Every structure is written in C-alpha cells, then in structure tokens.
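Below is a short briefing on selected features of one model. It runs by topic, with the cut-offs given where a term comes in.

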Amino acid sequence: MTFVSPLSDAAETDRLAALWSMAILDTPAQRDFDEVTRLAALALGCESAAVSLVDDRRAWFKSRICIPAAEAPREHAFCTLALEAAEPIVILDTHSDVRCDGNPLTVGPDGYRFYAGAPIITSDGHCLGTLCVLDRKAREDVPPEQLRALADLAGIVVGLIEARRYRQIGEIATQVVDVTSDAILCVDAKGTITFWNRAAESMFGYPSSQAVGQTLDIILPSAHAAAHHGGFGRAAAGGKTTLIGKSVELTAKRVDSSEFPIELSLARWGSVETGYNFAGIIRDASARRMLEREREQAKAFLDTVVDHLPAMLFVKDAATKQYLLVNKAGEELTGRSRSDMVGRTDRELFAQGAGYEQRDEAALAARGIHLFESEFKRPNGETVALRTKRIVVDGPNREREYIVGMSEDVTETRHAQAQVRRLAHYDSLTGLRNRGSFVEDVEKLIATRSTVALISIDLDRFKAVNDQFGHLAGDAVLAQIGDRLRAVATPTTVLARVGGDEFAVILTGPAPAEQARALASTIVNALAFPIATRWGTVQLGSSIGIALAPDDAATTEELRQHADLALYRAKQQGRGIICFFSAEMDKATQDRRELERDLRTALDGDEITLAYQPVLSAGTGQITSVEALARWDHPVRGPIPPDLFISIAEESGLIAQLGTRILCVACEEACGWPEHIKIAVNISPMQIHAGDLSEVVRHVLTTTRLSSHRLQLEVTEGLFLRDVDHTFRELEQLRALGIQILMDDFGVGYSSLSYFERFRFDKVKIDQSFVRQMLTSRASAAIIQSVVGLGTTLGMGVVAEGVETPKQMAALVDAGCTHLQGYLFSKPLGRAEIKTCLLADARYVQPRSLASPLRVAAG
C-alpha cells in the first residue's frame with residue numbers, strides 16, 4: 001500500500017514552492033541538524049531518526065541516524081501522512097496499521113515497526129516534512145512528554161531551516177550591494193552615515209572607514225546644504241518630503257570637491273517613536289548628462305550637415321506636396337529662399353511644377369528609391385542637368401508621411417561620362433583606337449564578310465628604351481609612334497594600339513594584299529627614322545605580320561592568330577621584315593607555340609619527369625654518379641625530345657621554372673640513394689645569366705637536405721658566348737657552395753682553352769659524337785686523347801659519353817678516361833629502377849646487349 005498526500009493540488013503547489021524556496025534540498029550535512037536528530041532519537045529511545053523533507057517525488061533526509069539510504073520514495077515515506085497534521089503522527093506497530101500494508105520499509109527483519117513524526121511547519125504555515133524517529137520494535141504507547149519533546153525539537157528544526165534561508169538572503173544582498181555600480185548608503189535620523197558600500201567609495205572617493213560616522217555634509221555642495229538640511233529634517237520627523245519613493249536629480253560633491261550630477265532614490269523605515277532611518281541608492285548621472293549633450297550636439301551637427309550638403313535636400317508632405325524643409329544648397333540651386341518655399345507646392349513655385357509633382361506621385365507608387373534626371377533652368381538662365389532621388393518614409397503620424405528627395409547637379413558628371421565613353425574606345429597615350437574597340441571593328445567586318453587585311457606591328461628594341469631611359473621616355477616614344485602611324489594612314493584604315501609596344505591596322509577595300517604590302521612598307525620606313533625625346537634620341541624599328549580575311553581566316557580569332565604567326569616569323573627572320581601569313585610556312589611556328597602553351601600546363605601540373613643514367617668509374621666499374629635527364633610525355637603527341645622542349649622553355653622564359661623543378665626532383669630522389677652517389681643536373685646558360693642561380697641552388701639544397709658535395713652541375717660552352725665575367729662570378733659562387741661544376745659536350749661548341757685558365761672544372765665530358773667515331777676517325781681519337789691529356793694535367797676528371805660497345809670502352813680506358821657513360825652500361829632508368837640498381841651496389845661486369853641495364857656484382 002502507498003501513502004497519498006491529503007493536501008489539495010493548490011495547497012500542495014504552495015507547499016512545494018515554500019520548500020524549494022528554502023534551497024535546502026540536496027545540500028551537504030550540517031552539524032546543527034545532526035545534533036537535533038540525535039536528540040530526537042535519544043528523547044524517544046529509538047535507534048533511528050531523521051529530518052525528512054518531502055518534495056514532489058521523494059522524502060529526502062537532511063540529517064539521519066542509523067538510516068542507510070539518503071532518501072525514500074514519497075509513496076513509501078511515513079512523513080507523507082503528516083503533511084497537513086498540526087500534531088505529531090504516531091504509528092505504534094506498522095504491521096497492525098492498514099495504512100502500512102505492503103510498504104517495503106516495514107518488510108523483513110530490518111523493517112520498521114514503530115514511527116513517530118512531528119511536522120516541520122514554517123512561520124508561513126507550510127509543512128516541509130517531519131522530524132521523525134523509527135524503530136524495528138513495536139510499542140504499546142508513547143508518553144505525552146516524549147511527543148512534546150519531539151514537537152519542540154521539530155520547532156528547533158524550523159528555526160534552523162529559516163535561519164539558514166535568512167543567512168542566504170543576507171549573503172546574496174551583501175554580494176549585490178558589494179558588486180553593484182550604484183552607491184548605497186544608510187543614515188540615521190541625525191543624518192549620520194551608518195553604511196557605505198564599495199561603489200560609494202569609488203564614486204565619492206571616501207573609504208568606508210572614513211565615511212561611516214560622518215554626516216551627509218561630506219557629499220553635499222555647500223550651496224545646496226541648507227536646502228538639504230531642511231528637507232531631511234522634515235523627513236526625519238515623519239513629515240512629507242519629495243525625496244522619498246522616487247528618483248530625483250541632485251548635485252553631489254566628491255572628496256576632491258569636484259561636483260557632479262546624481263540620481264537619488266531614497267527609502268525610509270522605522271517610526272517617530274523609534275526613530276527613522278534612511279537608505280539611499282545613488283547613480284552617477286554624468287554619463288547620462290554627457291549622452292544628452294552628445295545628442296544635442298549630434299542634432300546640431302546633423303542640422304549643419306544637412307544645411308551644408310552640396311546637393312539640394314528637400315522634404316515634402318506626401319499628401320499636400322508642400323515643402324517642409326529645404327537646405328541651403330536648395331536655395332542656391334532654385335534661386336528661392338527657404339521661407340519662400342516652405343509651405344508651398346511645386347506648382348506654385350516653378351513653371352515646370354506640374355512635372356515635379358508627377359514624379360512625386362511616381363515615388364509614392366514605387367517601393368524604394370525613385371530616380372529621375374531632367375534639365376532645370378535656373379533664374380540666371382543657365383540650364384543644368386539634375387539627378388533627383390526620391391524616397392517615401394514613415395512619419396510620427398502615419399505611414400509614408402513624407403517624401404524625402406535629393407537633387408544633384410550632374411552637369412559636369414555627364415560631360416565627364418562623355419569623355420569616358422571616348423576613352424573606352426581610344427588609347428589615352430597615343431590617341432589611337434584601343435584593343436577592345438579594335439576587336440569590335442574587326443568582328444563587325446568579319447560578320448559582314450568584308451575583305452580585310454590585318455596588319456600586326458611590333459616595335460623592335462623598345463624594351464631597351466624603357467630600360468635605358470625609363471617608362472616616361474617610353475611613353476613619349478609611343479606617342480610619337482602614334483603620330484607617325486596617323487601620318488601614313490589612308491581613309492580605309494583603322495589604327496589601334498593593342499598592347500604595350502604592339503600596334504595593329506585594319507585595311508579594307510579592293511586588292512587588300514597589295515594595299516597591305518604597300519602600307520606595311522611605308523610603316524616600316526616611317527618607324528625606322530630616329531625619334532627625338534627630351535631624354536635622348538632613340539632608334540627603333542618594326543616587324544610586321546599580315547593576314548587576310550576571308551582568304552586566311554573566317555573568324556576574328558583566326559585572323560588575329562594568323563597575323564600574330566606571320567609577325568612571329570617576321571621577327572625570327574630579323575628586323576624590319578614584313579611577312580604574310582602562310583598556312584604551310586607558319587605551321588611549324590603555330591605548332592611550336594602550341595607546344596609552348598602545353599609546356600606551361602605541363603609545368604603547372606608537374607608532368608615533367610626525370611630519367612637517370614649512371615656514370616661509372618673506369619677503374620672499378622662501380623657507379624659514382626647519375627645524370628638526371630628531363631622527360632616530357634605529352635598526353636597527345638607522346639614523348640617530346642628534350643632538346644625541343646628545353647629550347648622552347650628558353651625562348652618563352654620558362655627555363656627558370658623548368659630548371660628549378662628538375663633540380664628539386666633530382667635532389668629529392670638523390671636523398672634516397674647511397675651517400676657516395678652524386679647527382680648531375682644540366683644547367684641552361686639562361687639560368688646562369690639570370691643572376692640568381694646560386695640562391696636557387698642554396699634554397700633547393702636546404703629544402704631537400706641534400707649535401708652540397710653530392711650535387712654536380714653540368715654547363716655547356718654556350719654559357720661563355722656573352723658576359724663572360726658575370727658567368728665566371730656565378731660559377732665561383734656555385735663552387736663556394738661545395739658543388740662540383742662539369743663542362744658538358746666539350747669540343748662541339750665555341751671551345752676556348754682560356755676557360756680552363758680562369759676556372760678549373762671538376763670534370764670534362766667528351767661529347768658522344770667523338771666517342772662514336774673514335775675507332776674510325778683519327779681526328780676524333782686525337783681530340784679524345786688531347787682532352788684526356790688536358791684533364792690529367794689540370795687535375796680534372798674526364799667523362800666519355802655515349803659509350804655503346806666494348807671496343808669503345810676499352811679504347812677509352814686505354815686513352816685514360818676516368819669515367820664512362822652510355823647504353824653499353826645502362827639506358828636512362830626510371831626512379832624506381834635507378835634506386836633498385838644503386839641500393840644493390842651495381843657495377844659493370846659484362847654487357848649482354850646494347851640496351852641492357854647494369855648487371856649487379858656483389859660488394
């Protein structure tokens with residue numbers, strides 16, 4: 001059987017609210033409660049006792065003696081029976097009381113047989129639970145004095161609970177008073193300060209120890225002291241005062257005698273008999289006063305801004321169309337004073353007033369900003385272009401109450417826009433048509449299938465002008481070029497500047513090829529004359545490419561592309577050359593340009609790979625180094641010869657990017673090889689002449705962590721064709737890094753023994769053309785012997801390239817070559833193959849076939 005609360009729902013709700021407001025449930029044990037519980041057990045001679053508080057689902061024990069559980073389900077708790085009882089509840093024998101049938105707390109040898117509970121009733125009349133005692137033995141009766149003792153002890157529990165709550169409230173109040181930013185102070189009937197919080201210390205500058213015991217005069221300005229004393233005296237006597245119960249604004253004084261505005265809220269308690277006390281909450285009103293001043297200043301500022309706007313600002317009543325506000329710019333624009341305009345409509349003021357009111361109606365019908373441009377005739381007869389924006393806004397009386405408008409004089413803007421439209425089609429420097437306008441004209445001519453000749457012009461040596469004299473001189477030269485082109489133009493030509501130093505001419509009419517040839521010749525001659533500028537006289541020239549439509553192209557893109565191809569061929573042939581597009585002659589050029597574009601894509605996509613060919617010691621047959629060879633497998637064309645794509649990279653400015661990538665990959669791979677194996681990388685002369693190769697190499701070595709002594713750089717004799725002194729300085733900087741420098745393909749270029757006098761190369765590589773003919777050509781054999789002798793004398797190693805037969809190998813070893821390289825030993829290998837070979841400590845034993853890789857010899 002379960003116990004059910006005898007209280008109504010409303011009474012139970014109030015009781016639970018009272019219990020929860022005490023904030024006592026699930027709190028730690030307290031000694032005061034434990035002592036009362038122990039006294040209850042002793043007073044009634046029971047082994048178990050508890051302070052039991054009943055909430056909506058359980059009886060929780062604030063303190064307990066010989067009760068193992070901290071709580072019991074509400075439906076099983078005996079305390080539930082006492083929730084509306086005024087006197088103690090007693091159950092002498094739970095086994096004989098039908099209310100306890102089936103209660104698990106009464107079952108078994110440890111079940112409770114006896115229960116007595118005195119209700120814990122607060123001063124508000126709410127029963128929170130009981131102070132109860134329990135025993136496993138039944139009783140026949142309970143003496144009245146024991147029940148009175150239990151009830152008295154329950155009263156003590158009530159006092160403990162309520163005192164605990166009051167302490168909490170006091171602590172919270174103390175914390176609030178301590179942390180609030182408002183000053184809180186208390187005074188007695190004599191005006192003596194009895195309390196002074198931390199915020200008061202901060203606000204007035206007096207510490208609490210100094211303020212308490214003083215009168216309010218310490219915070220009252222002397223000018224207001226007399227009035228305050230009179231008002232406070234009336235309040236202290238119980239009389240009426242304006243200070244009590246509302247917030248008033250006063251002036252207060254700080255410890256430094258500075259005065260500031262405050263808001264004071266005053267409360268009074270006590271009586272005439274006992275004497276009145278007062279509590280005041282004071283807020284510093286300086287910030288609010290400052291905010292009010294800022295608002296006033298903002299309003300004055302806004303009025304000033306409105307009045308000094310460079311555009312006319314007006315506000316109209318949306319219903320009557322009467323002007324309500326006009327700024328100073330409006331007066332100047334219209335020639336009428338504000339006093340003349342305010343209160344009147346456009347119809348009453350202006351001859352065009354009906355049209356203005358029509359635009360007001362359009363603004364009322366629109367959602368958002370209504371924009372209109374019109375001409376306005378000022379009183380002085382001047383006509384100006386006005387751009388007026390109108391928007392309808394809500395007012396304090398109704399929605400969409402006002403029309404707010406701004407009228408700008410855009411006369412100068414419209415003139416400037418006309419100039420911009422011209423600049424959109426013409427080059428500002430030369431006055432010729434610009435690229436966009438030029439392309440539009442070509443497209444129109446192509447669309448109408450007109451006969452057209454497109455002449456593409458590129459200036460020769462113009463970069464040198466910028467480099468030598470600066471860009472201002474370059475601009476002056478371009479302006480004169482424009483003048484010379486205009487001087488030779490015909491009525492059927494359109495001139496344009498389509499790039500930095502690139503110009504173009506459209507020529508239409510009969511016999512376009514003959515006209516184009518004659519005009520191109522005239523242009524070449526005109527541009528060949530010296531050009532005088534204040535920076536100096538420059539001598540330029542021009543190269544010209546010509547394409548015809550529809551003969552050479554059916555689209556604008558094709559025509560421009562073919563003219564560029566013809567120009568490219570003209571520049572390759574020399575300066576001052578004129579070339580017409582030829583599908584057959586320009587196919588190779590176009591193919592090369594397509595390869596250049598694909599090479600850029602390949603570099604961006606890391607499609608350039610490396611193959612590795614071993615270099616062997618002639619004495620031991622062991623591999624001492626590996627040469628890295630660039631490979632490009634084009635997705636459509638297949639493998640591209642290295643000499644082709646490397647030359648394209650040099651011509652197109654991609655060689656630095658290509659060379660750096662090859663160097664990075666080669667060094668990264670070499671880090672996974674045995675320490676004694678060096679990696680050789682070919683360097684283009686253009687990389688040396690760029691001037692930053694040593695920094696690039698240093699960065700790559702740092703990034704890949706390859707030891708500098710393992711890197712070899714191979715250069716060719718073409719390196720010394722220009723700026724020899726700079727070349728040797730770069731080589732010395734590379735040598736200073738600990739890198740070996742090898743002379744590659746020696747004997748096939750512009751050989752000069754003086755190179756060896758200025759710089760000692762670590763090795764010289766004999767070109768494979770001499771190796772291939774050495775057994776049949778006395779000259780080749782003599783050259784090889786001479787190079788070996790030179791290397792021996794100067795302490796340089798000699799590497800023979802292109803070794804393909806055992807006889808060649810034997811002859812080269814006999815001649816004194818220190819290192820050998822070629823298909824006899826190994827073809828170029830992929831990264832995995834070369835790594836396997838090097839880790840197996842491969843050496844040459846006996847060739848199987850010309851293309852066989854190295855055999856592996858132990859150790």
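V305 lies in helix α7, which spans residues 286-307; helices (H or I, at least four residues) and strands (E, at least two) are DSSP runs, numbered from the N terminus. This is a predicted model, in which local features need pLDDT of at least 70 and side-chain atom pairs count only at pLDDT 80 or more, while totals for chains, interfaces and linings use all residues. Residues are numbered from 1 along each chain as its sequence is written, and side-chain values use heavy atoms, with hydrogens and water left out.

**Surface patch**

- V305 has a relative accessible area of 31% and is therefore partly exposed; buried means under 20% relative accessible area, exposed over 50%, and partly exposed in between (1.4 Å probe, protein chains only).
- Together with F301 and L302, V305 makes a nonpolar surface patch of about 290 Å².
- Patches are made of residues with over 30% relative accessible area and no salt bridge, with like charges joined within 9 Å and nonpolar side chains (Val, Leu, Ile, Met, Phe, Trp, Tyr) within 5 Å.
- A salt bridge is a side-chain nitrogen of Lys or Arg within 4 Å of a carboxyl oxygen of Asp or Glu.
- Accessible areas come from the Shrake-Rupley method with a 1.4 Å probe, and for residues only the protein chains shown count as cover.

**Cysteines**

- The structure holds zero disulfides, a disulfide being a pair of cysteine sulfur atoms within 2.5 Å.
- For C132, the closest cysteine sulfur is that of C79 at 4.1 Å, which is too far for a bond.
- C132 has 2% relative accessibility and so counts as buried.
- For C127, the closest cysteine sulfur also belongs to C79, at 8.9 Å, again too far for a bond.
- C127 is buried as well, at 5% relative accessibility.

**Six-stranded sheet**

- Six strands form an open sheet in the order β3-β2-β1-β6-β5-β4, with antiparallel pairing; two strands pair if DSSP finds at least two bridges between them.
- At the edges are β3 (71-73) and β4 (89-91), each of which pairs on one side only.
- Neighbouring strands of this sheet are turned by 25° against each other on average, direction ignored; axes are lines fitted to C-alpha atoms, for helices over the stretch in contact, and angles run from 0 to 180 degrees between N-to-C directions.
- β4 and β5 (residues 114-121) run antiparallel and are joined by three bridges.
- I91 stands opposite Y115 in β5.

**Five-stranded sheet**

- A five-stranded open sheet has the order β13-β12-β16-β15-β14, with antiparallel pairing.
- β13 (323-326) and β14 (370-377) each have a single partner strand, so one side of each is left without a neighbour in the sheet.
- D317 stands opposite Y402 in β16.

**Backbone exceptions**

- Most residues other than glycine have a negative phi, and most peptide bonds are trans.
- A549 and P550 are joined by a cis peptide bond with omega of about 10°, and P550 is in the loop between β22 (541-549) and α17 (556-573).
- A23, in the loop between α1 (9-21) and α2 (31-44), has a positive phi near 50° and is partly exposed at 36% relative accessibility.
- A511, in the loop between β19 (502-508) and α16 (512-528), has a positive phi of about 50° and is partly exposed, with a relative accessible area of 41%.
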